Amino acid sequence: MNYHQSVLQLLKQKISGKFLLIFSALTITVAGIVWACGGGDYYDDENSSFTPEAFVDPQYSPFFYESSTTYYGSEFNDNGNTRFNKQVVDDWYAYLDKKVGRQILDTLLIKSSQGFTDSVYRNFKGKLKDLPAGMPDLSKSNADEKQLDLFLSYLTLAKACESYAVNQEYNYWDEKPKPKAVAAELGNMLTTAYAQTKDVFVKQRLWFQLVRYYYYQQKQESSAYTAPKLTLPDFFAQEEAQFPKNIMYYRTMGYLAGYYYQHGEFARANYLYSLCYNYSFEMKIPSKWSFRPQNESDWTGTLKLAQNGEEKITLWHLLGISQDPVRAIREIYAINPKSDKLDLLLSRLINSKEQSISPVYSNEESKNKTIDLKTEISLVANIAKENKTRQPFYWNLAAGYLNALSHQYVTAKTFYNVARKQLPKDNKLILAQYKILDWTLYLQYLKKIDAAAEAKMAEPLTWLYRLSQGKDAIPDLRFHRALDQSLQLIAALYKKQGDLVKSNCFEQHPAFYLSNTRIEAMKTLLAKPKKSPFEIAMLNYCNVKIENLYYLQATQLVYQEKLDQALVMMKKAEGINATLLLGNPFNIRINDCHDCDHAAPGKTRYTAQSFLETMINIKAQLTAGKDVSRNAALLANAYYNITHYGNARYFYQSDITGSITDMVQGIDEPFRHVYTDNHIAEKYYLLARTNAKTKELKAKFTFMASKCDHNNEYNRMMESEENRNSWYFQLDKIPTGKYFAELMSQYSQTNYYREVLNECGYFSTYVSKRR
């Protein structure tokens, strides 16, 4: 039976169904596990000031240090079923002299099922006249007929191989699918086709299919197919000389490496993986994935297989990526100081170490905390001093940065000064990288900020701000850590010098705004007509506007019951004073239901200013003795609703005080007492009760006073040492207070009492325990 007869028989048997084309997709091997795996929901470059893209060849970019993922970035194709798709289409496009369109080839090679290609091939051979819609008629192509026949015959076999070679996708919580059986008859067909094919391009792909077939076939415990008299390594060695050393050659070698790995010959497997890794960018991810030295003895065996220094460098490079960069750098440097494979290892070394040191300084102790970098500093500094590497400035910057991370600022500056003279003058990213490191070092040893220091800081602060806002762009530059450090260090220095206003511009703290004197000083700075370049740069980082400060002063005066003074400030808070309150702050319910209040039909809408003006009018009537009970109740409702428990939380929300939260603990601690305290509301409810004319109203105001008392008890208990940092609290532990007893003993005959009993679980429980 000849090759084409075998293919036609295969078409009739329909060995395989619909799969992705594996020869375009398979990872080098399934052997081994992923070492570099971790968790996290943040990007390392946000806590980094050292940009690998500035120094390292892009071909190594998948292996830039990343603590939470296997490969750096998201643009790399790590899907074993699709990794080589483009390469496969390109190869066949060139083979067919560009006479079959890429889109058609992509459909046939990548997307089509075996049934689809079956129909296309039968049409080409004249055995199927009417092609279904969407299928290409290759019989009308200008491509060489013999080449087309070889292509389609091969494609039919390749599609059949997908049955066992395509990686089956599954969710990690599901049971891993069992490997599919390797059909014995398919091996015979591949062998026949390989023996009969003379075309080197197609023959090499059949060689790949056979090697892969042997790889999967030998993994099965039993098989009816016993044709290969040679082992996979023997077959590879016997045939390899006739093929070019292209990507198909190294993909085939990957299965040879996988064979050795499966048979426990780890040294030889890892050596072959290193050859694949070194061939091309496309081969790097699967090769690195599979490279797995087991122990020192195994590693020594791998090194002995290296044919020259460059192969040893690749081996050490791969070991350094996954295990020991210091050792790998030392060994590669001894072989070839100018190797570009050193660059990746140095960047990984730096980035991994800076992740161990947070730029956030919560106190002086954490600021001075160091990790032991003596070994790393010694290695990198010695290499930098010898000036033999491919990029001397890179090693000097790295040595300086490691010293800076260890608080050796004088030594760091020495290395930066050397690097500055070596920098390429036309590389924007590298120059920006130097600027980042030199600037943060300047701040780290700055002891006092005076006028001269401010003048020097204006430009870099403006530069960092523009980067953070996207107004300037330097692709890949890592500046977030430097920005955080800058703001923290400058704020700390100003605080130490007693200049709390400037300190607060760089690092805002809610407690700053508890002082009206400080607020006035901030207003003076914001209103200053002619600001210095430094002041302009500084205020870029201060998100507080003067109207925010007026609004804060106005609201704080409201909580102090200084309503007339509050209105003066409120009118100056232009824009913010028009904030709409979502509910009617003068209404109240038995059970707090903010959503109900917000959605109430026909409710009167108040802005912050109109609400305050209405409060002033009510207070004036109350002071004049008019309708005391009603006006006291309206003021009580208003003061209740502008606390955390009411329907008008928007009243105290601002850029300074923070956003609305459903938890008391979510309110910034300096303002927590102000926005949760119900004593003013309680005072006015009691005044309303004293002057109420009916028992129904007295019952209502008694219950409302009980709500205030209940909230105040909750506040007190949440401030206890036991509960201060807790977000969970058993509400039934809150004391009921005196008002429940008064409501039960004095107003049990009222309708309002029965409404409360129906709607309030706390009160219902209280009553049931006392009957």
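These exercises walk through a predicted model of one protein chain.

Residues are numbered from 1 along each chain as its sequence is written.

**Exercise 1. Find where pLDDT stays under 50.**

Start with the term: pLDDT is the predictor's confidence in each residue, from 0 to 100. The protein chain averages 87, and 86% of the residues score at least 70. Now look at residues 1–42: pLDDT stays under 50 there. The model still has 152 contacts for this stretch beyond four places in sequence (contact means heavy atoms within 4.5 Å). Where pLDDT is low, the predicted coordinates should not be read in detail.

**Exercise 2. Describe the secondary structure and burial of the protein chain.**

Count helices (DSSP runs of H or I, at least four residues) and strands (E, at least two), numbered from the N terminus. The chain has 36 helices and two strands. Next, burial: of 771 residues, 53% are buried. Buried means under 20% relative accessible area, exposed over 50%, partly exposed in between, with a 1.4 Å probe and protein chains only.

**Exercise 3. Check the span and surroundings of helix α7.**

Helix α7 covers residues 200–219, 20 residues in total. The expected span is 1.5 Å times one less than the number of residues. Then count burial: 16 of the 20 residues are buried, so α7 is largely enclosed by the rest of the structure. Finally, look at the start of α7. A side-chain oxygen of Asp-199 comes within 3.0 Å of the backbone nitrogen of Phe-201.

**Exercise 4. Which residues have the most contacts inside the largest nonpolar core?**

A nonpolar core joins buried Ala, Val, Leu, Ile, Met, Phe, Trp, Tyr and Cys residues through side-chain atoms within 4.5 Å. The largest has 243 residues, and Met-457, Phe-506, Tyr-513, Met-522, Phe-651 and Tyr-685 have the most contacts inside it. Helix α5 (residues 145–165) gives the most to this core, with 12 residues. Take Phe-506: beyond four places in sequence, its contacts include Leu-461, Tyr-494 and Phe-534.

**Exercise 5. Is Ser-486 buried or exposed?**

Ser-486 is in helix α22, residues 480–497. Its relative accessibility is 0%, so Ser-486 counts as buried. A polar atom of its side chain lies 2.7 Å from the backbone oxygen of Ala-482. Beyond four places in sequence, Ser-486 contacts Trp-439, Leu-443 and Leu-464.

How values were computed: Predicted model: local features only at pLDDT ≥ 70, side-chain atom pairs only at ≥ 80, totals over all residues. Heavy atoms only, no water. Polar contact = N/O pair within 3.5 Å; in protein donor to acceptor, adjacent residues only side chain to side chain.
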